[in-house]
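Let's take a walk through this structure together, one stop at a time. Have the sequence and the 3D view ready.

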Amino acid sequence: MVQAALKIVLEPVCEADMLPCSFGLRPRRGAHDALQVLVDEAWRVRRWVVETDIANRFEAIPIEKLVQAVEERVCDRSVLKLLCAMLRAGLMEGGQVRRPVTGTPQGGVISPLLANIYRHRVDRAWDMRRHGVLVRYARRRGGDVCYP
């Protein structure tokens, strides 16, 4: 319930800033939208395609940097405190609590949003440098795809 409540609060604020190149695990955007961009770019005679896959994309996100990314858009200390508590809650493994320094809640309803918030920094950096057209799509299993 806490994750769902945080998602309801964070999603509209953070979605407003997401760049159009991001299609993965977002409301009203999906694989067919990303594919249409690829078709359009092929008609513009783009010659190269680079595909990347981020292994363990939810588990690899550094919690501290994720919180910093959220702080760029959210200033409500109570929301940030709740997010930090949720991310640092830990996992019960073999009767012991393990507190990870990376990752979002495994299988959590908020994990896709948090991953997109974290990757938004990459989208902005790519957009500023104009390396080509970025089409970022994350499947439920698998990784992101970039097409310069």
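Does C14 count as buried or exposed? With 5% relative accessibility, C14 falls under the 20% cut-off, so it counts as buried. Keep in mind that what you're looking at is a predicted model.

Stay with C14 for a moment. Leaving out residues up to four places away in sequence, L113 touches K7, L10 and E11.

Now for the cysteines. There are zero disulfides in the structure. For C14, the nearest cysteine sulfur belongs to C75, 12 Å away. C84 is in no disulfide either: its nearest cysteine sulfur is that of C14, at 14 Å. C84 is buried, with a relative accessible area of 19%.

Next, turn to helix α3, residues 63-71. Here I63, L66, V67, A69 and V70 are buried. They take up an arc of only 155° around the axis, so they sit on the same side of α3. And what covers them? The cover includes α1 (2-15), α4 (77-87) and α5.

Time to look at the charged pairs: the whole structure has eight salt bridges. One of them joins R73 and D17, whose closest N and O atoms are 2.5 Å apart. This pair links distant parts of the chain, since R73 is in the loop between α3 and α4 while D17 is in the loop between α1 and α2, 56 residues apart. Both count as partly exposed, R73 at 38% relative accessibility and D17 at 31%.

E72 and R124 also meet in a salt bridge, at 3.1 Å from N to O. E72 is in the loop between α3 and α4 and R124 is in helix α5, so this pair ties together parts that are 52 residues apart in sequence. These two belong to a network of salt bridges that links E72, R121 and R124. Another bridge pairs R77 with E71, with 3.8 Å between the closest N and O atoms; R77 is exposed at 57%, whereas E71 is partly exposed at 35%.

Last stop: the surface. L35, V39 and W43 make a nonpolar patch of about 360 Å². W43 lies in helix α2, residues 31-43, and its relative accessible area of 72% makes it exposed.

Note on methods
Residues are numbered from 1 along each chain as its sequence is written. This is a predicted model: local features need pLDDT of at least 70, side-chain atom pairs count only at pLDDT 80 or more; totals for chains, interfaces and linings use all residues. Side-chain values use heavy atoms; hydrogens and water are left out. Contact means heavy atoms within 4.5 Å. Patches are made of residues with over 30% relative accessible area and no salt bridge: like charges are joined within 9 Å, nonpolar side chains (Val, Leu, Ile, Met, Phe, Trp, Tyr) within 5 Å. Accessible areas come from the Shrake-Rupley method with a 1.4 Å probe; for residues, only the protein chains shown count as cover. A salt bridge is a side-chain nitrogen of Lys or Arg within 4 Å of a carboxyl oxygen of Asp or Glu. Helices (H or I, at least four residues) and strands (E, at least two) are DSSP runs, numbered from the N terminus. Buried means under 20% relative accessible area, exposed over 50%, partly exposed in between (1.4 Å probe, protein chains only). A disulfide is a pair of cysteine sulfur atoms within 2.5 Å. The arc is that of the directions from the helix axis to the C-beta atoms.
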